[in-house]
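Trainee: Before we look at the model together, could you help me understand the words used to describe it, and what each conclusion rests on?
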Amino acid sequence: MTFEHPSEKGGRGRLGRFEKLAELASNFTSSAGFSVLCVGLVLAFLVVHALHLPVIWQHLAGDAMAAVSLLLLSLLKNSERRAEHAIQQKLDAIAAALLEQQEGKGGQAHEDLRRAIGVEERE
């Protein structure tokens, strides 16, 4: 178990197995197929309760939905964090480039750009 940012693991520009799986999950969950799967799970849950099936079936239906939710939470959070980190790196690069362009002038925009670099590390 590690507490480092997902984008920092495994070297620059290389995705590990979990990161690849998270990216695939992110793509799948934004598809119509996943929506159909979710509707199917909810309908199965409702049918099990409507038919008053034994409690074991009700638990099975509820557990299936909970398992899907937990898996999605971890996979999608990983994708989100990597995307967030990439966006921040790009914004830092833009800010650094603008800072270089403004070098020597020392105006208010210059100070605002200087404060913007690395803002994600201070918050």
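Mentor: Let us begin with a definition, since a helix here is a DSSP run of H or I with at least four residues, and helices are numbered from the N terminus. In this predicted model, the elements of the chain then run α-α-α-α-α from the N terminus on, with five helices and zero strands.

Trainee: How do you know that the length of helix α2 agrees with what a helix of 19 residues should span?
Mentor: The expected span is 1.5 Å times one less than the number of residues, so helix α2, residues 32-50, should span 27 Å, and because its end C-alpha atoms are 27 Å apart, the two values agree. Just after α2, histidine 52 takes a positive phi of about 50°.

Trainee: What makes the nonpolar surface patch, and what is its area?
Mentor: Its members are Val47, Leu51, Leu53, Ile56, Trp57 and Leu60, which together make a patch of about 610 Å². To be counted, a residue needs over 30% relative accessible area and no salt bridge, and nonpolar side chains are joined within 5 Å. Helix α3, residues 55-102, gives the most to this patch, with three residues, and leucine 60 is found in helix α3.

Key
Residues are numbered from 1 along each chain as its sequence is written. This is a predicted model: local features need pLDDT of at least 70, side-chain atom pairs count only at pLDDT 80 or more; totals for chains, interfaces and linings use all residues. Side-chain values use heavy atoms; hydrogens and water are left out. Helices (H or I, at least four residues) and strands (E, at least two) are DSSP runs, numbered from the N terminus. Patches are made of residues with over 30% relative accessible area and no salt bridge: like charges are joined within 9 Å, nonpolar side chains (Val, Leu, Ile, Met, Phe, Trp, Tyr) within 5 Å. Accessible areas come from the Shrake-Rupley method with a 1.4 Å probe; for residues, only the protein chains shown count as cover. A salt bridge is a side-chain nitrogen of Lys or Arg within 4 Å of a carboxyl oxygen of Asp or Glu.
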